[in-house]
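Please take a moment to look through the sequence and the 3D structure below. The report that follows goes through them part by part.

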Amino acid sequence: MAVFLSTFLPDSDASSKLQVVDEGLGKLSSEEESSPYKLIGDRDIKAILKPRRPFSHKGNYGHALIIAGDMKTMGAALLCASGCLHAGAGLTTATVPESGLTALNSALPEVMYLDRKHLVKIKSLKKYDAIAVGPGLGKQLEAVCILEELMVLKQAVIADADALNILSKREDLLFHLAKDSIFTPHLKEFDILFGKHKNWWERLQTGRTMAKKLGSVIVLKNQYTFIIDQQGDVLINSTGNPAMAQGGMGDVLTGMIAAYVAQGYSAKAAAILGCYFHGKAGDELATGRYNITASELAAQVPVTVKTFQDKSGS
Ligand SMILES: NC(=O)C1=CN([C@@H]2O[C@H](COP(=O)(O)OP(=O)(O)OC[C@H]3O[C@@H](n4cnc5c(N)ncnc54)[C@H](OP(=O)(O)O)[C@@H]3O)[C@@H](O)[C@H]2O)[C@@H](O)CC1
Ligand SMILES: Nc1ncnc2c1ncn2[C@@H]1O[C@H](COP(=O)(O)OP(=O)(O)O)[C@@H](O)[C@H]1O
């Protein structure tokens with residue numbers, strides 16, 4: 001029986017009721033025209049997820065840089081770095097304001113620190129395999145300067161939260177960020193970036209147009225998160241649940257996506273793995289829980305991935 005796009009949207013409209021969603025990311029068969037709307041299944045994850053190889057070392061799993069945190073939102077940086085760490089990046093470095101250094105060292109001793117002052121002066125961030133920017137970053141001049149530097153360096157980024165708010169006022173930066181960047185807005189951030197929308201159908205159409213125009217991946221977060229790839233296809237993630245509706249959950253997701261980019265996955269694959277395992281970790285914890293904190297979710301991720309790997313034989 002056909003599944004329609006409207007199933008995955010919180011509001012109703014005529015168009016989405018007519019759009020068929022394909023099961024899985026591959027084509028159904030050579031004769032059938034594939035739909036731009038595809039539901040991510042376990043088989044897709046199995047095909048994407050790579051095992052950790054024998055004799056491998058931290059250098060094989062990439063180095064991620066987290067640019068996040070401000071005086072009152074240092075927690076967002078810690079949560080993002082924690083998501084990155086728990087999703088398996090070989091090395092994670094966080095650049096937070098100096099006032100957050102003690103918190104960083106106490107909460108996440110595995111994570112290294114890079115002085116913000118050095119970041120703005122650095123002419124190359126090439127040693128980092130993934131760069132996430134935005135959670136709790138603030139919108140002050142320093143944050144704007146960081147985004148300007150990243151644009152000049154032409155390295156793809158994972159942009160979230162305050163980075164998106166800054167980009168919404170700076171089209172010159174938005175359209176000059178490196179291709180294969182990943183944008184992770186929730187509904188409000190999406191509308192701030194790309195304009196107000198009447199309903200989710202319209203929002204998705206704008207997302208498709210903008211992902212193609214930017215040559216980047218847009219992760220539009222909601223109960224069902226939509227991963228819109230560079231071709232304008234909409235991949236629907238169905239893991240996750242309302243127990244996850246607590247502050248900081250998106251910060252963890254951003255760190256996880258950065259970890260997968262650092263490990264060598266493409267922008268699209270990293271977004272898929274991040275969303276799937278983020279939601280799946282939440283589903284596992286929610287079996288015995290009314291709500292889940294973002295820190296708990298991050299800690300669950302290695303268990304979730306291992307359980308999936310063992311069950312699917314990947
Ligand atoms: N511990 C820390 O340090 C934390 C730091 N954080 C960091 O702080 C910074 C600012 O974060 P923020 O929460 O003030 O702003 P933001 O997320 O834009 O919400 C603004 C308004 O948008 C809405 N809205 C929000 N989410 C929505 C959704 N999914 N779907 C639909 N609507 C949604 C909602 O409006 P309402 O719907 O209630 O009218 C909400 O009031 C940011 O950098 C972030 O990373 C947080 O991560 C928390 C933990
Ligand atoms: N009801 C829900 N069902 C599934 N996932 C949810 C639900 N509520 C929140 N989430 C997930 O939690 C994350 C929230 O992200 P975001 O709003 O950016 O959080 P924050 O800014 O507080 O870190 C998203 O990945 C979203 O998909």
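Lys154 is exposed, with 10 other C-beta atoms within 10 Å (a residue is buried if 20 or more other C-beta atoms, placed from the backbone, lie within 10 Å of its own, exposed if 12 or fewer, and partly exposed in between). The model is predicted: local features need pLDDT of at least 70 and side-chain atom pairs pLDDT 80 or more, while totals for chains, interfaces and linings use all residues. Residues are numbered from 1 along each chain as its sequence is written, and chains are lettered from A and ligands numbered from 1 in the order in which they are written.

Most residues other than glycine have a negative phi. Lys154 is not a glycine, yet its phi is positive, at about 60 degrees. Lys154 belongs to the loop between helix H5 (141-153) and strand S8 (158-159) (helices, H or I of at least four residues, and strands, E of at least two, are DSSP runs numbered from the N terminus). Ala161, which is not a glycine either, also has a positive phi, near 45 degrees. Ala161 is part of helix H6 (residues 161-169). Is Ala161 buried or exposed? Ala161 is buried, because 25 C-beta neighbours lie inside 10 Å.

## The chain as a whole

The chain has 12 helices and 12 strands. Its radius of gyration is 19 Å, close to the 20 Å that the globule rule gives for 314 residues, so the chain is as compact as a globular protein of that length (the radius is taken over C-alpha atoms, and the rule is 2.2 Å times the number of residues to the power 0.38). Along the principal axes, the C-alpha atoms fill a box of roughly 55 × 45 × 40 Å.

Of the 314 residues in the chain, 47% are buried. Among contacts between residues at least 6 apart in sequence, 66% join residues at least 24 apart (two residues are in contact if their C-beta atoms, placed from the backbone, lie within 7 Å).

## The sheet

In what order do the strands of the open sheet run? The order of its 12 strands is S1-S2-S3-S12-S11-S10-S9-S8-S7-S4-S5-S6, and the pairing is mixed (two strands pair if DSSP finds at least two bridges between them). Strand S1 (3-4) and strand S6 (112-113) are the edge strands, each pairing on one side only.

Strand S10 (residues 217-220) pairs in the parallel sense with strand S9 (residues 182-183), over two bridges. Here Ile218 in S10 stands opposite Phe183. S10 also pairs with strand S11 (residues 225-228), over three bridges and in the antiparallel sense. In this pair, Leu220 stands opposite Phe226 in S11, and a hairpin of four residues joins S10 to S11. Both faces of S10 are covered: Val217 and Val219 are buried on one side, and Ile218 and Leu220 on the other.

## The annotated positions

The unreviewed UniProt entry places the feature "binding site" at Ala76, Gly136, His186 and Asp251 (positions follow the numbering used here, feature names are shortened, and annotations may be inferred rather than shown by experiment).

Ala76 lies in helix H2 (residues 74-86) and counts as buried because it has 30 C-beta neighbours inside 10 Å. Leaving out residues up to four places away in sequence, Ala76 touches Ala68, Gly69, Pro135, Gly136, Ala161, Gly248 and Asp251. Gly136 sits in the loop between strand S7 (130-133) and H5. Gly136 is buried too, with 24 other C-beta atoms within 10 Å. With residues up to four places away again not counted, the contacts of Gly136 include Ala76, Ala161 and Asp162.

## Around the two ligands

Ligand 1 is surrounded by 16 residues, and the closest are Gly75, Ala76, Ala161, His186 and Gly247 (a residue is near a molecule if its C-beta atom, placed from the backbone, lies within 6 Å of it). H2, H6, helix H8 (187-194) and helix H10 (249-262) are the elements that give two or more residues to this shell. H8 gives the most, with three residues. The shell around ligand 1 holds four nonpolar, seven polar and five charged residues (Ala, Val, Leu, Ile, Met, Phe, Trp, Tyr, Cys and Pro count as nonpolar, Asp, Glu, Lys and Arg as charged, and the others, Gly among them, as polar).

Which residues are closest to ligand 2? They are Gly240, Pro242, Ala245, Met249 and Gly250, out of 18 that surround ligand 2. H10 gives the most to the shell around ligand 2, with four residues. That shell has six nonpolar, 10 polar and two charged residues.
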